[in-house]
Amino acid sequence: MKPEKISDALNHLDEDLLREAEEARNHKVRRRPAWQKWGSLAACLALAVFAGTRLLSSSGNIAEGELPSITIENNEAGAFGYEGYMALDISELGGANPWTEGAKIKTLPVYQNSISYDEQHIASGTDLDKMKSLLLTVAEQMGLDTKTIPITDDTPDEDYIKAVTEKIESVGDTVPEGYFDPSTVIMEGDGIKIEVDRTLTARIDLDPAVELPAEYRFSYGASSEEMKEAADWLSKEYSGLLSGMKKPVLDQGMADRNIYRERSFDTVFFDGSGSLEEQIVNYNFNRVAFYNNDEGKLFIIRVFVPDLSQKLGDYPIISIEEAKDLLLSGNYATSVPCEMPGKEHIAKVELVYRVGAYEQVWLPYYRFLVELPEEFRPEDKELHDFGAYYVPAVEGKYIANMPTYDGQFN
């Protein structure tokens, strides 16, 4: 069944019945609007247009020890805004990425995402056991009594299921298999609500929000040093969440500016121990992030531990110069509505993974920050806008269809 047919059916469902069913469902799990921040994206990037990846074997069978080929394809569009960062100078755009231009990296791991989505955006591969295990671990780290507090999920109630099923059947179709399957497991108690979704991201809601001691400033207008001091307090107060890290490292993100020249610093920790390769993986995947509300109080914590069990292998990594040649040849993916303006506009490069939930394969990319043309500069002419352009960092022989800029923004 096509997604638009489901949408049409639901649009014609009796509004009172659907509202009552949805209210009953919300009362059951007390869900709040989803909001997620992974690393540091510019404020204008409301919804990323992503490029999905999947495996492709020319023979149809992958021999033992052979690295499978990867094809990169567009899975979805419909975004507004683009990934851009405003700064007075490129030196302001930092972050704690352990990779540097002088790093001697020969290979990096590539992983298959255990969650896949069909054309109707129905997920498969959801592992409720892993979700519950993470939920219990985080709950214990937060001091909840996991023996007495029940685990619930977001499965809709019978009234909602019946209403949706009848309406879809009334237009001659059937509900896709898995449409009503749970996507989140929940535990709630003592002013703490923990939700773990199928991507193995744990969201911790604190109600009431936690006010830091008076000597700390944990707010959007705080300086880098003030936020570091607050982060130090948070790392001690919530040390259980960081207990799996041998060497917690603070990442304050890109810390770009808004149109008012204000900077916002992240409070994210990753494990900086182990080899450089291990640090790079932890920086991109395994993170604990603390979020402040408008009042400067801690109200959300997120723990990211995606399933990396399906490792495809360690793939050879190309050099920066090779990646730059591909960039200048148009072999890149971007959400910026502008063709890469030229070599002289390249301001910075770093190695990152694209870790979106819809990416079927997580592989490293070189992310080039490129100063955009005059028409992209804000009214404040001292501010510069740097757009992100991505080139696969894996050797080209393992990429079945190297991205090519064709006037569309992906």
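**Group meeting: a walk through the predicted model**

Let's start in a loop. Arg 198 sits between β9 (192–197) and β10 (201–210). Keep in mind that this is a predicted model.

What does Arg 198 touch, beyond residues up to four places away in sequence? The list is Ile 115, Tyr 117, Ala 123, Thr 126, Met 131, Pro 182 and Ser 183. Take Ser 183. In sequence, Arg 198 and Ser 183 are 15 residues apart; in space, their C-alpha atoms are 5.7 Å apart. Now Thr 126. Here the two side chains make a polar contact, at 3.0 Å.

Is Leu 200 buried or exposed? Buried: its relative accessible area is 10%.

Asp 190 lies between β8 and β9. Asp 190 has a positive phi too, about 55 degrees, and again the residue is not a glycine. But Asp 190 counts as exposed, because its relative accessibility is 69% and the cut-off for exposed is over 50%.

The bond joining Asp 207 and Pro 208 is cis, with omega at about 5 degrees.

Now step back to the sheet. β8, β9 and β10 belong to an open sheet of eight strands. The order is β7-β8-β9-β10-β14-β13-β12-β11, and the pairing is antiparallel. Which strands form the edges? β7 (152–153) and β11 (248–251), each pairing on one side only.

Look at one pair inside that sheet. β13 (residues 287–292) and β14 (residues 298–304) are antiparallel over six bridges. Arg 287 faces Phe 304 of β14.

What lies across this sheet? Helix α3 (residues 128–141) lies across β8 (184–189), β9 and β10. The helix runs at about 25 degrees to β8.

On to another helix, α4. α4 covers residues 158–170, which is 13 residues. At 1.5 Å a residue, the helix should span 18 Å. The end C-alpha atoms are 18 Å apart, so the model agrees with that expectation.

At the start of α4, look at Asp 157. One of its side-chain oxygens comes within 3.3 Å of the backbone nitrogen of Asp 159. Which residues of α4 are buried? Tyr 160, Ala 163, Val 164, Thr 165 and Ile 168. Just past the helix comes Gly 172, with a positive phi of about 85 degrees.

There is also a three-stranded open sheet. Its order is β15-β4-β18, with antiparallel pairing. β15 (311–316) and β18 (361–362) are the edges. Each has a single partner strand, so one side of each has no neighbour in the sheet. β4 (residues 107–112) pairs with β18 over two bridges, antiparallel. There, Tyr 111 has Trp 362 of β18 as its bridge partner.

Now to strand β19, residues 364–371. Seven of its eight residues are buried, so the rest of the structure largely encloses this strand. β17 (residues 346–353) pairs with β19 in the antiparallel sense, over seven bridges. β20 also pairs with β19 in the antiparallel sense, over seven bridges. Phe 368 of β19 is worth a look. Phe 368 is the bridge partner of Val 349. Phe 368 also stands opposite Tyr 389 in β20.

Stay with β20, residues 384–392, for His 384. Which side chain makes a polar contact with the side chain of His 384? That of Glu 371, at 2.5 Å. Setting aside neighbours within four places in sequence, His 384 contacts Tyr 85, Met 86, Ala 87, Leu 88, Glu 371 and Arg 377. His 384 counts as buried, because its relative accessible area is 19% and buried means under 20%.

Last, the whole chain. There are seven helices and 20 strands. Of the 410 residues, 49% are buried. The chain exposes about 20,100 Å², with carbon and sulfur atoms supplying 47% of it. And the contacts? Of those with a separation of 6 or more, 70% join residues 24 or more positions apart.

How values were computed. Residues numbered from 1 in each chain as written. Predicted model: local features only at pLDDT ≥ 70, side-chain atom pairs only at ≥ 80, totals over all residues. Heavy atoms only, no water. Helix = DSSP H or I, 4+ residues; strand = E, 2+ residues; numbered from the N terminus. Expected span 1.5 Å × (residues − 1). Buried < 20%, exposed > 50% of the residue type's maximum accessible area, 1.4 Å probe, protein only. Polar contact = N/O pair within 3.5 Å; in protein donor to acceptor, adjacent residues only side chain to side chain. Contact = heavy atoms within 4.5 Å. Areas by Shrake-Rupley, 256 points an atom, 1.4 Å probe, with all protein chains shown as cover. Pairing = 2+ DSSP bridges. Axes fitted to C-alpha atoms, helices over the stretch in contact; angles between N-to-C directions.
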